[in-house]
Amino acid sequence: MGKFQVMDHPLIQHKLSMIRDKNCGTKEFREIVNEIATLMAFEVSRDMPLEDVDIETPEGIAHAKQISGKKVAIVPILRAGIGMVDGMLDLIPAAKVGHIGMYRDEKTLEPHEYFVKLPSDIGQRQIFVVDPMLATGGSSIMAIDALKKRGASNIKFVCLVAAPEGVKALQKAHPDVDIYTAALDEKLNDKGYIVPGLGDAGDRLFGTK
């Protein structure tokens with residue numbers, strides 16, 4: 001089973017509290033989501049492999065370390081996942097960005113894939129799939145299915161708020177995928193929204209409600 005981690009860093013928790021507030025406006029919401037994504041990127045990149053390197057400093061030779069091995073791809077699940085990309089790129093600017101478009105049937109709550117555009121070498125990359133909410137797990141499972149179908153294998157899922165039902169479903173479907181969240185909330189309601197959650201992340205990011 002992959003790792004499941006709730007990131008309890010004080011800065012992450014404080015910023016998450018700010019965007020849970022229903023009175024947090026679109027501009028502030030968007031900025032803080034990016035800030036949280038940057039802080040989470042710091043933790044999810046913790047186990048990236050290092051290699052030894054000799055660096056010539058002004059005073060001599062330093063036996064130092066640099067990141068080696070797999071390059072990174074950040075793959076947001078459209079549309080809300082876009083809100084986390086710039087924050088992660090602030091910390092990992094060399095990462096490539098892929099996109100997976102999903103929409104949810106409002107009657108059945110089932111996700112449908114409508115767009116997939118990925119770096120050509122996706123199979124050689126460490127992939128961070130990002131989506132603010134892990135609710136039923138349907139969209140994340142289908143997005144990871146789409147990645148694996150195209151040769152991806154080293155995948156981590158990063159979200160802001162998760163429901164227990166979504167975590168369980170994602171772990172069952174993809175036991176090899178590590179899950180990182182800033183909060184594990186109480187439950188899903190009958191509309192498939194996380195309670196207490198923070199509402200519809202896409203609408204709040206893009207001001208569409």
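Reader: Is A201 buried or exposed?
Author: This is a predicted model, in which local features need pLDDT of at least 70 and side-chain atom pairs count only at pLDDT 80 or more, while totals for chains, interfaces and linings use all residues. Residues are numbered from 1 along each chain as its sequence is written, and side-chain values use heavy atoms, leaving out hydrogens and water. Relative accessible area, computed with a 1.4 Å probe on protein chains only, is called buried under 20%, exposed over 50% and partly exposed in between. Because its relative accessibility is 5%, A201 counts as buried.

Reader: Which residues is A201 in contact with, leaving aside its neighbours within four places in sequence?
Author: Contact means that heavy atoms lie within 4.5 Å. Once the neighbours within four places in sequence are left aside, the contacts of A201 are F29, A80, P132 and M133.

Reader: Where is G199 found?
Author: Helices (H or I, at least four residues) and strands (E, at least two) are DSSP runs, numbered from the N terminus. G199 has a relative accessibility of 39%, so it counts as partly exposed, and, leaving aside neighbours within four places in sequence, it is in contact with M133 and Y193. Its place is the loop between β13 (194–195) and α6 (201–206).

Reader: How many of the contacts in the protein between residues at least 6 apart in sequence join residues at least 24 apart?
Author: The secondary structure of the protein comes to 6 helices and 13 strands, and 46% of its 209 residues count as buried. Among contacts between residues at least 6 apart in sequence, the share joining residues at least 24 apart is 64%.
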